[in-house]
Amino acid sequence: MTELPEHVPTDRLGVLIAAYEYELGPCFRCSRKGVQVTRFGEITSDEGETPLYACRECVQELLTMHERAMERMDTRPRIVQLQRNRAPRGVEAD
């Protein structure tokens with residue numbers, strides 16, 4: 001029996017989605033369980049890091065949202081790290 005060739009995406013978004021490694025688990029975005037998910041990001045705080053896993057469909061939606069946002073911007077966004085040790089506004093530091 002001859003196996004059918006795997007579909008290989010050629011569009012930019014399809015190539016990005018196919019590049020992720022997937023495993024079975026819950027999707028943080030659509031809450032489905034037991035689907036193919038990939039680690040897509042994390043929430044980081046002083047207490048630690050929580051990994052976020054998303055299914056293929058949600059990864060596609062998130063990447064599409066990102067692409068559209070980038071198309072509307074003249075320049076790429078700059079991430080600024082704020083200092084956490086500052087006194088709140090209106091309160092003078094000792």
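Trainee: Which residue lies over the face of Tyr22?

Mentor: Good place to start, and keep in mind that this is a predicted model. A charge counts as sitting over a ring only if its atom, CZ in the case of Arg, is within 6 Å of the ring centre and within 35 degrees of the ring normal. Here the distance from the ring centre is 3.8 Å, and the residue over the face of Tyr22 is Arg56.

Trainee: And how many aromatic pairs does the structure hold?

Mentor: For a pair, two ring centres must lie within 6.5 Å of each other. The number of aromatic pairs in this structure is zero.

Trainee: Why is Cys27 in no disulfide, and how far away is the nearest cysteine sulfur?

Mentor: Let's reason it through: a disulfide needs two cysteine sulfur atoms within 2.5 Å. The structure holds zero disulfides. For Cys27, the nearest cysteine sulfur belongs to Cys30, and its distance is 3.6 Å.

Trainee: Which cysteine has the sulfur nearest to that of Cys55?

Mentor: Cys55 is in no disulfide either. With the cut-off at 2.5 Å, a distance of 3.7 Å does not qualify, and the nearest sulfur is that of Cys58.

Trainee: Is Cys27 buried or exposed?

Mentor: Under 20% relative accessible area counts as buried, and over 50% as exposed. Cys27 has a relative accessibility of 3%. Cys55 has a value of 1% and is buried. By that cut-off, Cys27 is buried.

Trainee: In what order do the elements of the chain run?

Mentor: Begin with the count: there are two helices and three strands. Reading from the N terminus, the order is α-β-β-β-α.

Trainee: Where is Ser31, the residue with phi near 65°?

Mentor: That phi is a positive value in a residue other than glycine. As for its place, Ser31 is in the loop between β1 and β2.

Trainee: Which element of the chain has the highest confidence?

Mentor: Across the chain, the mean pLDDT is 77, and 65% of the residues reach 70 or more. Where pLDDT is low, the predicted coordinates should not be read in detail. Confidence is lowest in helix α1, residues 12-19, at a mean of 72. At 94, the highest value belongs to strand β1.

Technical notes:
Residues are numbered from 1 along each chain as its sequence is written. This is a predicted model: local features need pLDDT of at least 70, side-chain atom pairs count only at pLDDT 80 or more; totals for chains, interfaces and linings use all residues. Side-chain values use heavy atoms; hydrogens and water are left out. Buried means under 20% relative accessible area, exposed over 50%, partly exposed in between (1.4 Å probe, protein chains only). Rings of Phe, Tyr and Trp (its six-membered ring) pair if their centres lie within 6.5 Å; planes under 30 degrees apart count as stacked, over 60 as edge-to-face and the rest as tilted. Helices (H or I, at least four residues) and strands (E, at least two) are DSSP runs, numbered from the N terminus. pLDDT is the predictor's confidence in each residue, from 0 to 100.
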